[in-house]
Amino acid sequence: MTPSSFTEKLIRERRARLRAERLYEQVQRDLRIMNAHLREHAITLSEQVIAQREELDIVRGHAETLQGMNTQVSQDLQVAHSEADLATLRLREAVETLADGFAVFDKDQKLVLANRAYLSVFRDFPEVQPGIRYLRVLEICAYEGVVALGETTCDEWVAAMMSRLQAHDITPMDLHFSNGVSVRLMDRRVANGDYVSLVHNITETLRYQAQLIEAQKRAEAAVEAKSAFLANMSHEIRTPMNGVVGMAELLAETSLDAEQRSYAETISSSGQALLAIINDILDFSKMDAGRLELIPQPFDLEKTIHDVLNLLATSARAQRIELILDYDLFLPTHLVADPGRVRQVLTNLVGNAIKFTESGYVLVRAVGVGTTAEGQVVTMTVEDTGIGIPPEYRDDIFAEFSQVEQKATRRYEGTGLGLAITRRIVTQMGGKLWVESELGVGSCFGFTLELPFATDQGQAEALSLPPEYKSVLLVSDHLISRDIIARRLKTCAAKVTTASNAPISLRLAAQARPNVVLIDQDLSDAKISDLLAELQTCCAGAKLVLLCSSLIEAQAARASGTAFDILPKPFLWRDFLSLLAPEAANTKLAITAPALCSDPDTLTLTRKLRVLYAEDNKTNRLVFSKMLSALEIDLHMAENGRIAVEMFKKTVPDIVFMDVSMPEMDGRTATREIRAMPEGAHVPIVALTAHALKEEIDRILDAGMNAMLTKPLKKSELWTALRDHAPPGFLPSLDR
Ligand code: ADP
């Protein structure tokens, strides 16, 4: 080998090696790049793997959660299913146990479900089960005689029942099944178009209702019988009481010594007390039966209050209680109400006030509190200085049979009915009874009524005293009473001097030179007869007027020779005025008398007044004749209606007093027969009855009687009836 070839060979080898080295480097480089790529890729891949694993973990977690939830849901579903099953079971059982029938019909009127009670009526009709149409159910009811249809035909009934369902609100209806069961059908439409039918068994309710109606009828009949019994009993009791009270009244008018007089007065007052109790019970039973009727008529309110106070004056005086009336100066006296009931209310309140007061006074006030289109608004109060009523009893006392004191410790008599009756009357008159009271200080009962004005306003009272009586000395130790009288005197333009005891009165009498002296009989520090005598000397020519609470004592004082007039306490203003101006009253009489006598029958008073009295009870006849014995009359008596009619024909009386209940022919029939006679058409006939029921009064007036007097008869009432109804002129002493 040549060197050159060797060199060449070396060079070639070197070149080859270099090439190989370069290739190796290139490969190395490529490998590195690839490695780097691979590494990056591996990193990316591993990141992806990590991310995917994380996602997988999350998904796995979700899956696990979902699986848990799924398990829960399926468990819940199971529970819900079993609860729903239980609820359905319960509902079904509940519906089944209902005593009432229950059914649901769908909107196509097909039965969806019905309980046993509903289906029980259709036991013989197996086709009545879910799926049956409502129309078919009705047809079975009608045509198979399940329901008692009465007069209605089957077709009519089915049609009516079907059309009933068309209404928006289906009205309940009662059905009576042929087996005696009655039901009330109540149907309701539901939102989805179904309707629910509830069939309520009302057999027992109807039976109960029928029993109630029957019981009510029996109760009404019993009330009716009770009222009739009470009316009869009151008649039976009043008839002998007529004898007792009337005879005692007559007896007291005869000359008696003090002891005998007190016996006669006790008989009379006990009789009156007994009558008051009977009246209370009768009234209460009338009110209980809702039969209290008011008979409004014109009346004089001031006079009515005055009459009540007069009636109770004796018991007030016995307890040394001052009775005072304060009648509002500007309050009209002629109003319209039921005077008997107004009197009854006041009698109860004033009677209680006296009963529950040991000392002090009872003051009745009547105050006008304005007018309305209906009339006068009047407030009346009865104030006392008595024992008072504990606050806790204040509402109870108006209830029936309620009394503050316990029976065992009772000091006061009474039935406990008075206030209950009073409250009912006041309520019926449109008012409200109230009470204010302080224990140990006193009570005040009051009420306000709206009373129409009477068309006849009565005679206006003089506003001033006659000129010769302008100076008045008023002697009374009762502050309130003195104040009220003095106030009234002053409004009559009088010069008033007041004295609170006898010595002062004598001193003032000498100074003031009065022409009228009003002396309170109950002055505590003076002997009245002595004071009257001294005043007569001291004010010569003056008119002495004794304001008296005891007529007997007043008359005894007269025996000592002193001249004085008497006015019952509290006095009516008009009585005082007519005492001062008697001529005015006489003139009135003189003017009226001839006018009355223009009646041709009475022009020549050649005969006495002819009175016919029909009464079967002997004692009553005796009482009647004695009560009229002071009058110049021609009295005829008949023992029953038939005899009265015969006597009427013979005697043609001027006035007839007719008992209502008599044997053979009662008073009403006798009146009708008398009215049928030409001479009996206009004769005044006054009924005498113990029956105080409104129907009785109506029957009496319907029979043609003009007026009515209740038994027991009172002399004053009998005389008033004669004055009001007998032809005038016969008894001038009675003519107004
Ligand atoms: P009674 O027949 O007992 O008087 P009332 O119904 O008239 O029946 O009265 C019921 C009760 O109210 C009385 O028993 C009494 O306790 C109480 N009472 C009524 N009025 C008064 C009064 N003016 N003062 C105190 N208590 C009274």
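A residue counts as buried under 20% relative accessible area, as exposed over 50%, and as partly exposed in between (1.4 Å probe, protein chains only). This is a predicted model, in which local features need pLDDT of at least 70 and side-chain atom pairs count only at pLDDT 80 or more, while totals for chains, interfaces and linings use all residues. Residues are numbered from 1 along each chain as its sequence is written, and side-chain values use heavy atoms, with hydrogens and water left out.

- Asp-307 and Lys-303 form a salt bridge (a side-chain nitrogen of Lys or Arg within 4 Å of a carboxyl oxygen of Asp or Glu), with their closest N and O atoms 3.0 Å apart.
- The two residues, Asp-307 and Lys-303, stand four residues apart in helix 7 (residues 301-318), so about one helical turn separates them; helices here are DSSP runs of H or I with at least four residues, and strands are runs of E with at least two, numbered from the N terminus.

**A salt bridge between distant parts of the chain**
- Asp-522 pairs with Arg-317 in a salt bridge whose closest N and O atoms are 2.4 Å apart.
- This pair links distant parts of the chain, 205 residues apart, with Arg-317 in helix 7 and Asp-522 in the loop between strand 15 (516-520) and helix 12 (528-538).
- Both Asp-522 and Arg-317 are buried.
- Through salt bridges that share partners, Arg-317, Glu-322, Asp-520, Asp-522 and Lys-569 are joined into one network.
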